[in-house]
Amino acid sequence: MATPPDTLDKVGAGLDALDAPVGARKAPLWQRFLKTGVPPIIAFALLIGVWQALWASAILPEFQLPAPGDVWNELVRSISTGEAFGILWTSLHRAVLGFAAAVVIATPLGLLIAKVRVVRAAIGSLLTGLQSLPSVAWVPAAILWFGVTPSTIYFVVLMGSVPSIANGLVAGIDQVPPLLPRVGRALGAGRLASARHILLPAALPGYLAGLKQGWAFSWRSLMAAEIIATSPQLGTGLGQYLHNGSSLNDINMVIAAIFLILLVGIGIELLLFRPLERAVLRARGLTGAL
Amino acid sequence: MTATLETTALSTVDTAVELAGIRKVFGHSGSAVVALDGVDLLVKPGEFVCLLGASGCGKSTLLNIVAGLDAATSGELRINTSRPAVMFQEPALMPWLTAARNVELALRFAGVGRLARRRRALELLDLVRLGDAADKRPHELSGGMRQRVALARALASTTVSADGAPALLLMDEPFAALDAITRDVLQSELLRVWETTNTAIIFVTHDVREAVRLGQRVVLLSSRPGRVVREWDVTSPENGNDEVVDEINTHLREVISGHAS
């Protein structure tokens with residue numbers, strides 16, 4: 001009112017400078033490595049140390065608790081003969097194929113459940129229930145239906161991961177603030193444009209959480225299926241390798257198999273899901289969880 | 001023939017928005033609430049009208065009806081402008097898009113090509129003095145800056161039509177959540193933008209001072225049901241702003257105390 005406009009302009013510019021959140025300075029690479037890379041290495045080294053000490057104390061017989069070195073030798077043997085790569089390839093390509101199929105099935109399913117009231121009422125709780133059903137429970141039925149074939153394995157993987165992915169998408173859509181689609185409508189977006197440019201991107205964090213969980217479920221379902229459904233025609237995956245170790249009473253092989261299963265789980269998390277999640281959350285200013 | 005054409009041309013020039021007997025009832029017969037009852041309102045192209053009222057006067061409902069987000073139970077609504085743009089109390093920016101892309105989104109829905117989108121978005125961000133913040137995301141901006149991005153986006157969606165139809169901006173208490181200094185700056189910013197773009201604005205507020213400062217005309221609504229109580233022309237108040245503010249305040253208090261039981 002009494003203030004001349006150019007003074008207000010300056011006040012405005014000053015406010016912008018003062019009020020804009022200050023972005024955190026990025027720490028140098030070695031500092032970030034010190035913070036995020038070193039603790040897990042130390043924890044792993046400690047674990048091996050405790051293991052070695054337990055073995056040395058000889059409380060448990062050798063066929064139950066092997067020496068870390070013996071397991072390491074088994075790993076080196078299977079890697080140097082190329083056996084490990086064959087095993088990993090068999091399991092990984094099954095898991096990736098199964099997971100991809102699960103994504104293709106679960107995404108439209110999740111969209112339907114989230115947006116169509118009747119569908120949600122009809123199968124929403126069934127899907128949540130399926131999530132708590134261990135997928136290994138499907139193995140006996142699947143063997144009766146499909147025999148000991150790859151179909152059995154894929155069926156179990158799908159039953160494990162589809163509910164997680166669909167539920168993640170539903171949760172993601174449910175958590176979209178209602179104001180955003182409303183703004184879209186005010187801006188003249190049709191149903192399709194609104195779904196593509198507002199609803200799906202807004203639901204992305206929840207969807208990604210569902211994908212991550214879906215991957216974990218498909219990986220463990222695959223292991224369960226491979227351990228139970230073994231036959232020469234299925235080839236040797238990680239589950240069969242583990243099963244063989246148990247049949248041969250070879251504890252080195254068993255521990256090596258468990259180690260490889262873990263390695264794949266951690267590897268996929270670190271190489272694929274962690275960076276994806278980080279990029280998505282960081283773009284939204286949700287840096288608290290990193 | 002020519003005469004008819006002239007009258008239609010005249011009427012489109014004369015009114016941007018025309019509301020006649022707008023009535024809005026929520027709920028069904030037993031527990032029905034009459035939110036708006038026979039609201040008449042005329043807004044000229046480029047006019048700045050403030051809708052003032054206490055809570056429950058249905059001012060937001062009225063705005064939603066004009067915006068097409070809600071339908072009136074009865075009454076007539078004529079809009080002679082391009083698609084009306086709406087601004088809410090929250091900026092409601094898409095958190096995953098940069099400021100420029102948020103503005104572009106409005107143009108994208110209108111089918112504007114990529115390059116033209118980008119150019120227009122930067123123009124509008126410059127208009128609200130956020131040209132430097134085009135590539136920042138909402139969480140990197142202050143509350144006032146976010147609301148200015150929302151203003152740029154609203155302008156983008158209403159000034160998009162090529163035929164030069166007059167623009168209409170609907171604002172629902174857009175500065176209510178801001179601190180006093182920021183609100184002051186944004187009010188003057190809005191006036192500047194309004195003067196340069198010649199957009200008709202319907203501005204909903206419960207702040208009498210804000211209404212008198214911004215509007216050319218202040219329309220007071222009663223509460224439950226909402227009706228137009230009185231209008232004030234505040235373009236050139238003879239007695240100065242303060243007296244108009246006092247007068248409107250007195251009326252507003254009367255409207256509110258009428259509900260004491």
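Mentor: Start with confidence, because pLDDT is the predictor's own confidence in each residue. This is a predicted model. In chain A, the lowest confidence falls in helix α1 (residues 5-19) of chain A, with a mean of 75. Helix α8 (residues 150-174) of chain A has the highest, at 92. The average pLDDT over chain A is 87. A score of at least 70 is reached by 96% of its residues.

Now the build of chain A. DSSP gives chain A twelve helices and zero strands. Along the sequence, then, the pattern is α-α-α-α-α-α-α-α-α-α-α-α. The radius of gyration of chain A is 26 Å, while a compact globule of 290 residues would have one near 19 Å. The C-alpha trace of chain A spans about 90 × 50 × 30 Å along its principal axes. Of its 290 residues, 31% count as buried. Take the contacts in chain A between residues at least 6 apart in sequence: 72% of them join residues at least 24 apart.

An unreviewed UniProt entry lists "transmembrane region" for residues 41-60, 95-114, 126-147 and 251-273 of chain A. Look at two of these spans in the model. Residues 41-60 of chain A are 85% helix and 0% strand, with end C-alpha atoms 27 Å apart. Residues 126-147 of chain A are 73% helix and 0% strand, and there the end C-alpha atoms lie 26 Å apart. The unreviewed UniProt entry also carries the annotation "domain: ABC transmembrane type-1" for residues 88-272 of chain A. That span is 84% helix and 0% strand. Its end C-alpha atoms lie 17 Å apart.

Next, cross to chain B. In the contact between the chains, 28 residues of chain B meet 27 residues of chain A. On the side of chain B that touches chain A, α3 (99-109), α5 (143-158) and α6 (180-197) of chain B each supply at least two residues. The largest share, five residues, comes from α6(B). By type, the residues on this side of chain B divide into 16 nonpolar, six polar and six charged.

Among the buried residues are B:Ala99, B:Ala100, B:Asn102 and B:Val103. What covers them? The cover includes α10 (191-228) of chain A, together with α4 (114-127) and α5 of chain B. Both chains therefore feature in that cover, with contact counted for C-beta atoms within 7 Å. After α3(B) comes B:Gly111, which has a positive phi, near 80 degrees.

Finally, look at the strands of chain B. Strand β1 (residues 17-26) of chain B pairs with strand β2 (residues 33-43) of chain B in the antiparallel sense, over seven bridges. The two form a hairpin with six residues between them. In its turn, B:Gly27 has a positive phi of about 80 degrees. β1(B) also runs antiparallel to strand β4 (residues 74-79) of chain B, joined by five bridges. B:Leu19 ties this picture together. In β4(B), the bridge partner of B:Leu19 is B:Leu77.

Terms used:
Residues numbered from 1 in each chain as written. Chains lettered and ligands numbered in written order. Predicted model: local features only at pLDDT ≥ 70, side-chain atom pairs only at ≥ 80, totals over all residues. Contact = placed C-beta atoms within 7 Å. Helix = DSSP H or I, 4+ residues; strand = E, 2+ residues; numbered from the N terminus. Nonpolar A, V, L, I, M, F, W, Y, C, P; charged D, E, K, R; others polar. UniProt positions renumbered as here; feature names shortened; annotations may be inferred. pLDDT = per-residue confidence, 0-100. Rg over C-alpha atoms; globule rule 2.2 N^0.38 Å. Buried ≥ 20, exposed ≤ 12 C-beta atoms within 10 Å, placed from the backbone. Pairing = 2+ DSSP bridges.
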